[in-house]
Amino acid sequence: MRTCVGCRKRELAADLLRVVAQSPGSDPIGDTVVAIVPDPRHRLPGRGAWLHPVSSCLSMAERRRAFGRALRVSGKLDISALEHYVENRHEHS
């Protein structure tokens with residue numbers, strides 16, 4: 001059982017999408033940017049967080065700033081890869 005960082009409901013790991021933080025880069029201003037990426041195969045290294053792969057849970061997690069807390073990262077978070085994954089998954093369902 002895992003808890004969605006968006007809606008906080010508990011589900012089986014098979015029903016949730018694992019997300020991880022990838023190595024930080026920097027933006028043109030020089031701030032640290034951490035990419036939050038989907039891990040559908042549950043194989044990427046590092047601390048993971050779990051999310052229902054739907055846009056409502058994604059927006060709720062972003063609004064609550066849950067990714068930074070769950071993944072224990074600070075700085076600016078780039079969730080564009082995660083947004084793209086959720087949008088494409090929704091189109092193919």
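## Accessibility and the negative patch

A residue is called buried when its relative accessible area is under 20%, exposed when over 50%, and partly exposed in between. In this predicted model, Asp78 has a relative accessibility of 32% and therefore counts as partly exposed. Asp78 belongs to strand 6, which covers residues 76–78.

Asp78 is also one of the residues of a negative surface patch, together with Glu62, Glu83 and Glu87. Membership of a patch requires over 30% relative accessible area and no salt bridge; the 32% of Asp78 is in keeping with the area cut-off.

## Overall architecture

The protein contains 3 helices and 6 strands. Read from the N terminus, the order of elements is β-β-β-β-β-α-α-β-α. The radius of gyration is 13 Å, close to the 12 Å that the globule rule gives for 93 residues, so the protein is as compact as a globular protein of that length.

The C-alpha trace spans about 40 × 25 × 25 Å along the principal axes. Of the 93 residues, 32% are buried.

## The salt bridge

Side chains of opposite charge can pair when their charged atoms come close. The count for this model is 1 salt bridge. The side chains of Asp39 and Arg18 form a salt bridge, with an N to O distance of 2.5 Å. Asp39 sits in the loop between strand 4 and strand 5 (48–51), while Arg18 is in strand 3 (residues 17–26), so the pair ties together parts that are 21 residues apart in sequence.

Asp39 and Arg18 are both buried. With the cut-off for that class, each has under 20% relative accessible area.

## Two pairs at a sequence separation of 20

Thr32 lies in strand 4, residues 32–38. Its relative accessible area is 40%, so Thr32 is partly exposed. Thr32 and Leu12 are separated by 20 residues in sequence, and their C-alpha atoms are 33 Å apart in space.

Arg69 is part of helix 2, which runs over residues 66–71. Arg69 counts as exposed because its relative accessibility is 53%, and the cut-off for exposed is over 50%. Arg69 and Ala49 are likewise 20 residues apart in sequence, with a C-alpha to C-alpha distance of 9.5 Å.

Conventions: Residues numbered from 1 in each chain as written. Predicted model: local features only at pLDDT ≥ 70, side-chain atom pairs only at ≥ 80, totals over all residues. Heavy atoms only, no water. Patch = residues over 30% accessible without salt bridge, like charges linked within 9 Å, V, L, I, M, F, W, Y side chains within 5 Å. Areas by Shrake-Rupley, 256 points an atom, 1.4 Å probe, with all protein chains shown as cover. Salt bridge = Lys/Arg side-chain N within 4 Å of Asp/Glu carboxyl O. Lys, Arg positive; Asp, Glu negative; His and termini not counted. Charge placed at Lys NZ, Arg CZ, Asp CG, Glu CD. Helix = DSSP H or I, 4+ residues; strand = E, 2+ residues; numbered from the N terminus. Buried < 20%, exposed > 50% of the residue type's maximum accessible area, 1.4 Å probe, protein only. Rg over C-alpha atoms; globule rule 2.2 N^0.38 Å.
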